[in-house]
Each structure stands twice: as C-alpha cells, then as structure tokens.
Amino acid sequence: MRLGDFEFIDLYLGNNFADFKGVKGSPNSRDAAPPELKAQLDEVRTTCRFRYAAERDPEFSLVIDGVMFRATMIRDVTGSEVFILRRSSAELRPIEHVGFAPAIVRQLLQPNLKGLVVIAGETGAGKTSTAAAVLKARLERIGGIAITIEDPPEVDLNGVQGKGRCMQVRASRRTGGYKEHLVRSLRSNPDVILLGEVREEAAAQEAVEASLNGHLIITTIHAGSIVESIERLSSLAGGQRGSESAYKKLASGLRMVIWQSLERGVGERPKFTYQALSLIGEEANGARSKITNGKIGHLAQDIDQQMRRLAANPLGQ
C-alpha cells in the first residue's frame, strides 16, 4: 500500500501521530493511518520538516506517488509542528475531455491568441484543472515557453510538454505574492502565463496590463457567473483609478470568459456545465462595447446568443 493509492481528503502528520480525514468508504470522521504506511509517512514527515526549515513558508506543495498535495504547517500548544496535507482535486486531462464544444477548444488553441482568458466558477468547480488543460494543450500542439504562477502548484506541469516547456513558480506571499512573480515572469518573455488565481488588486492590474501588451494570460477567478466574474475583475483591476478605466482596458484585453460548474449528486459522477463568452472576432464587438461602457449586466443576452449558437453548431463551422 502506498499513500498515493489511499483515497482521503486530508492527512494530519504530527510528531507521533498520522490521522486521515475523509477516507473513502469509512464511516468515521477520523481514521488512524494503517501500519503499512508508517515507513512512507515517516519519510513524508521528514520531507515536510526539511521543506519548512529551508523555505520558512507554512504552505507548500508536494508530489507523492505522482499525486499533488498541498501542505500547511501549524504549531500546537506544545510548539510541535503539525503538517496537514490536502490531496489536490485538480487533475490533468486532455482539453477535449473537459466538456467544451469543439468551437471553444479551437478558439482557445489559436496559435496567435493574445490577451486574457478567464476561467471562473465556485470553489470545487474544477477551474484549475481546466486552466491546466488549456495550457498543456497549447504547449503540446503549438509549443513555446510557459510559466505558471501558483500558490502553491496544484498539478504537475513542470518540464517538457509536447513541443513546449513549462516552468512552475511558487507565488509565495513571503516573496512578494502574485504581483511580484507576475512582473518577473513578464520580463522573461514567455509565450503564455498561467496565473493561478486573481484575488488581489495588484495582480489583477498587472494581468490586465499584460493582456494589453501582447501577452497571453490564463487565469482563474472565484465567481458565480460570467457577469459576476467580469464585475469582480474590473473592481480588482480598477483599484484607485476607478472602474471606468478598468472597463475599457478589460474590453480591449479580454478574449474569453468561461464559467463552469460541477454538480455532484449522491453516488453519481459530477455533472459538468459551462457558459462561455467569447470576445474573439468582429462578431463580439457588441459585447465588447457593453464592457467598455460598464454595462456588464447587459451581457446576459450576448452569452445566451453565443451558447445557443454553440448548441446548434458545436463545431462552429
């Protein structure tokens, strides 16, 4: 038995204990680790201590048995270190298996695509998996250099991907957060940048500016709809300069916004649904004009029209 084969949500590693939470098929809220895992868990505990001692950052990622884990260090009242490892729900899969219409996939994989691509959704909607799928597909088929900026990385993209290469960067708050790493990455002149999540004003402003300067930026944002994601992005990117300027910049830099959801029924596989607003091509001038003028709520009609066309002609040909 190996840790990567054991299905659970969280692993709590203390000095003298190892507890699982959310073990598949278990009726318990907590399960002690089986003896068969003791040797490997001792190695994992040592690795976690080494990483924290070297980086002095309480959050980092680990790849164990090919599975990505997000680690967080806390101290109990005795001063002892406890490491909590959460199994990443993100996964790498071919973009054709995500669930988008072929017309959407074709637009996302245009070799000359520049600007801002936003994947939106609630927590657990699979946003990171989708963003990673888009990036991986572009590298495999088009090639080039990509840099991912994540806190911490949730899927293993580092290295050669088909015709291209990806370099994953940990956007530690201790070393400047998303903005600082985004600025450095832009100076490195990659073909595409994956920004793990837009949640800070400074990072949002840099991402929008980069989209206007000929870079392809793929990012995710927590939002309940396409309209809400654009409003939130404009609010973050506007900062003290006001939303009017942010709307105009977004209208120029945005290329696509996809909102997705995973509906989980009891005993059923999650059902994937999505909506997309493409701002690629002259036919999107109407939607772009609404964003420019801050009439974000009026985009519902454009979204509905585009989704109706996709339903009638998923190939878009």
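## Nonpolar cores

The largest nonpolar core has 75 residues, and those with the most contacts inside it are Ile230 and Leu254; a nonpolar core here is a set of buried Ala, Val, Leu, Ile, Met, Phe, Trp, Tyr and Cys residues joined through side-chain atoms within 4.5 Å, where buried means under 20% relative accessible area, exposed over 50%, and partly exposed in between, with a 1.4 Å probe and protein chains only. Helix H3 (residues 127-141) gives the most to this core, with seven residues; helices (H or I, at least four residues) and strands (E, at least two) are DSSP runs numbered from the N terminus. Apart from neighbours within four places in sequence, Leu254 is in contact (heavy atoms within 4.5 Å) with Leu116, Val118, Ile230, Leu233, Leu279 and Ile291. A second, separate core of 23 residues includes Phe6, Phe20, Leu37 and Phe69.

The model is predicted, so local features need pLDDT of at least 70 and side-chain atom pairs count only at pLDDT 80 or more, while totals for chains, interfaces and linings use all residues. Residues are numbered from 1 along each chain as its sequence is written, and side-chain values use heavy atoms, with hydrogens and water left out.

## Strand E6 and its partners

Strand E6 (residues 81-87) is largely enclosed by the rest of the structure, because five of its seven residues are buried. Strand E1 (residues 10-13) pairs with E6 in the antiparallel sense over four bridges, two strands being paired if DSSP finds at least two bridges between them, and aspartate 10 has arginine 86 as its bridge partner in E6.

Strand E5 (residues 67-75) also runs antiparallel to E6, joined to E6 by seven bridges, and methionine 73 stands opposite phenylalanine 83. E5 and E6 form a hairpin with five residues between them, and glycine 79 in the turn has a positive phi of about 85°.

## Helices and their packing

In helix H4 (residues 177-187), the buried residues are Gly177, Tyr178, His181, Leu182, Val183, Ser185 and Leu186, and what covers them includes E8, E10, E11, helix H5 (201-212) and E12. Just after H4, asparagine 189 takes a positive phi of about 60°.

The axes of H5 and helix H6 (residues 226-238) come within 7 Å and cross at roughly 100°; axes are lines fitted to C-alpha atoms, for helices over the stretch in contact, and angles run from 0 to 180 degrees between N-to-C directions. That makes H5 roughly perpendicular to H6, given that angles under 35 degrees count as roughly parallel, over 145 as roughly antiparallel, 65 to 115 as roughly perpendicular and the rest as oblique. Helix H8 (residues 285-292) and helix H9 (residues 299-312) pack at an angle of about 155°, with their axes 10 Å apart, and are therefore roughly antiparallel to each other.
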